[in-house]
Every structure is written in C-alpha cells, then in structure tokens.
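I opened my notebook to keep a careful record of what I looked up, one entry at a time.

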Amino acid sequence: MRLVTYANRGQPQSKPRLGVEFGCMIVDVQAACVAYAMRHDGPAGAETALAVVPSDMRTFIRRYPLLRKQIEPALRMAADALARADGAEALELVAAGSPVAVPRADVRLLAPLLDPPKIVCVGLNYRDHAIETGLAIPASPVLFSKYSSAIVGPDEAVVHPGSELTTRLDYEVELAVVIGIGGKQIPESKALDHVFGYTVANDISARDLQFQEGQWLKGKTLDTFLPLGPAIVTADEIEDPHRLHIRLDLNGQTMQSSSTEEMIFRIPYLIAYLSKLFTLEPGDLILTGTPAGVGHARRPPVYLQPGDIMRAEIDGIGVLENRVTGG
C-alpha cells in the first residue's frame, strides 16, 4: 500500500485524513471500511468500523496488525469500484463523514506521519558520504534526534531561519524507516518483521550550528527542517530496502545520486542496535543516513538559499519536493 495523510484543498482547516493511493485517486481508509461494513453487516457493523478503524496514520500503524483482515477487503472493494465503469459510485458514497474516494488533484498531501513518538537519525551511515567528509568510517552508529515540530510535508516550505542563525543551510536525502511493531532487544534476524514501511526524508541541516559546539541537535531540528513524504510505502512493497536508488536535485541539478547499498549499518542492525538502548514503538521513525553530495562537502560549498527547490527521490517510494523560503 501507498499510505498518505491528506487534507481537502478547498478546506484548509479540515482535519487530516488517512488514505491509500490508487492511481489518480485516494481512498479514505476509515470511510472505505465503514462503507464495506455497512454493505455486509448493516448499521451496527458500520458503527463498529467507525469506532475501531482510525483516520490518522499513527493510530493506524499501531492497530494495523489487529485490523489487517478487516481493512484489506474494504480497500479491495473500493479499488474494484474505481476500476469499474460505475466507479462514480465510490466517488459519491460518503461514509464516516468523508467521501470513500477523492481525486488526487482535489487534495493536499501532508507529511504522511505527523506525530511520530520518536525520530532517531543516523549520521555518517553511507560510505561515500563518510569519505567525502574526510571522517573515519564509524565503528558504531552515530545517533542524534529531531523533533516532530520540524516535520513538513510535500510542497511545504522549508523556512530559512535567517543569517543571524545560519548561513550554511544544507540538504540530505534519506530513507526513513517506519516502525510497525515495537519492542526491546529485537534480534537482528527478526528486525525487518518490525518494519511497517518506508518514506522519503530530507534532513535539513544548519551546518554552522551543527558543528559550532559539537551539538548536532541544534543544527538539525529547527522548525521545517524535516520534509517527509510523499507516502509511506508498506514493507511488503519494497523487496530489498538496501537496493534502492536515492537522489536529490537542487534547482534541477543532481547533487546526490547513490544507492542504499552504500549504508554502513543496515536496517536490521540499526533496529537491533537501537532496541538495545530503548524501546521502539509503533510509528517511530529511523532516518538511515545520507549519501555523498551534500552541499557542505562540495568545493566550493553549496548552501540553500530562499527560492531554491529541492527534489528528493527514492526508487519505489516517490518524490518529495520542497521550496526554501525566507524566514
């Protein structure tokens, strides 16, 4: 599945909804389940579906193992209706106060996960990036964090905080892992069973703040410093997360182009390592590092300026585009 969080373009204050992309359409997960239950179990079933099937991504991730058998047939029903000539029926059907299906052009995609419990980031985790920085290959994962207040979605602005705070604003395309089943002391051999899915992240970094006193956090988690999206692609759709092309274009010029094969510490190892330190929870994000080509390592350096457009892309997941604006 390609899961998204969206809002109606015509209602900017409307509550975000959880959807699944089907071509040029988005199916509202909760509304589809309510419609399915109404068809098969009547009003009582619809009322139960409304109560147990969430409309937000974080709750959906937590409940998905229990709700999977209920959700999948409802989504198949909606997809079948869209595929048939009478697909307009799905467009007109309203359940849980929301249309079962809406055209992609009529919605605004938000960050797919707005409120992860934790955001754990891994620094220097690509061999080509470690080499370009002139630093030694790490012997163990280099960890830092970001806050959820840094998250923005596709096409949302990354706000340059101004030269009084930073003159060295940088980009970093990253594969983000979404934890589905939490745990402590997770064995490396079982770690991928705990992955719900993957999305694209852009780890915006104020390099002067990051390296000023060796406190990476303050250069990494300013407001709007974590573009995320466009979708969470469930783990079953990604055959091997370590064989994906990853790239970032800046104003149409390719700056980063590599493969997730370059990871020093692979995803199973990272999950096992992190879960030795603290309990992983459903909805936690793990940013797995960035490849070579960051602006700070270039000669001369290339730093982000208001008006710049970043286009981050990972095979099988999608394109995340954001513009830099002035603070």
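Entry one. Which strands are included in what covers the buried residues of H7? I kept in mind from the start that this is a predicted model. I found that the cover includes strand E8 (119-123), strand E9 (142-145), strand E13 (173-179), strand E14 (195-202) and strand E19 (285-287). I then looked up which residues of helix H7, which spans residues 267-277, are buried, and I listed Ile 267, Pro 268, Leu 270, Ile 271, Ala 272, Leu 274 and Ser 275.

Entry two. I turned to Ile 186, which is found in the loop between E13 and E14. I noted its relative accessible area of 5%, and since buried means under 20%, Ile 186 counts as buried. Leaving out residues up to four places away in sequence, I found that Ile 186 touches Ala 191, His 194, Ile 271, Ala 272, Ser 275 and Leu 280; among these, Ile 271, Ala 272 and Ser 275 are also buried residues of H7. I looked up one more pair, and the C-alpha atoms of Ile 186 and Leu 274 are separated by 8.8 Å, although the two residues are 88 apart along the chain.

I next checked Thr 260, which lies in the loop between strand E18 (253-259) and H7. Is Thr 260 buried or exposed? I found that Thr 260 is buried, because its relative accessible area is 0%. Setting aside neighbours within four places in sequence, I recorded its contacts as Tyr 126, Leu 175, Pro 241, His 242, Arg 243, Leu 244 and Ile 246.

I moved on to helix H1 (residues 29-52) and helix H2 (residues 57-83), which pack at an angle of about 70 degrees with their axes 9 Å apart. That angle makes H1 roughly perpendicular to H2, and I noted that their crossing is left-handed. The residues making this contact include Val 29, Tyr 36 and Arg 39 of H1 and Phe 60, Arg 63 and Gln 70 of H2. I wrote down that the residues of the contact divide into 16 nonpolar, 1 polar and 2 charged.

Finally I looked at the whole protein chain, which has 7 helices and 21 strands. Its radius of gyration is 20 Å, close to the 20 Å that the globule rule gives for 327 residues, so the chain is as compact as a globular protein of that length. I also noted that 54% of the 327 residues count as buried, and that, among contacts between residues at least 6 apart in sequence, 74% join residues at least 24 apart.

How values were computed: Residues numbered from 1 in each chain as written. Predicted model: local features only at pLDDT ≥ 70, side-chain atom pairs only at ≥ 80, totals over all residues. Heavy atoms only, no water. Buried < 20%, exposed > 50% of the residue type's maximum accessible area, 1.4 Å probe, protein only. Helix = DSSP H or I, 4+ residues; strand = E, 2+ residues; numbered from the N terminus. Contact = heavy atoms within 4.5 Å. Axes fitted to C-alpha atoms, helices over the stretch in contact; angles between N-to-C directions. Parallel < 35°, antiparallel > 145°, perpendicular 65-115°, else oblique. Left-handed = near helix turned anticlockwise from the far one by under 90°. Nonpolar A, V, L, I, M, F, W, Y, C, P; charged D, E, K, R; others polar. Rg over C-alpha atoms; globule rule 2.2 N^0.38 Å.
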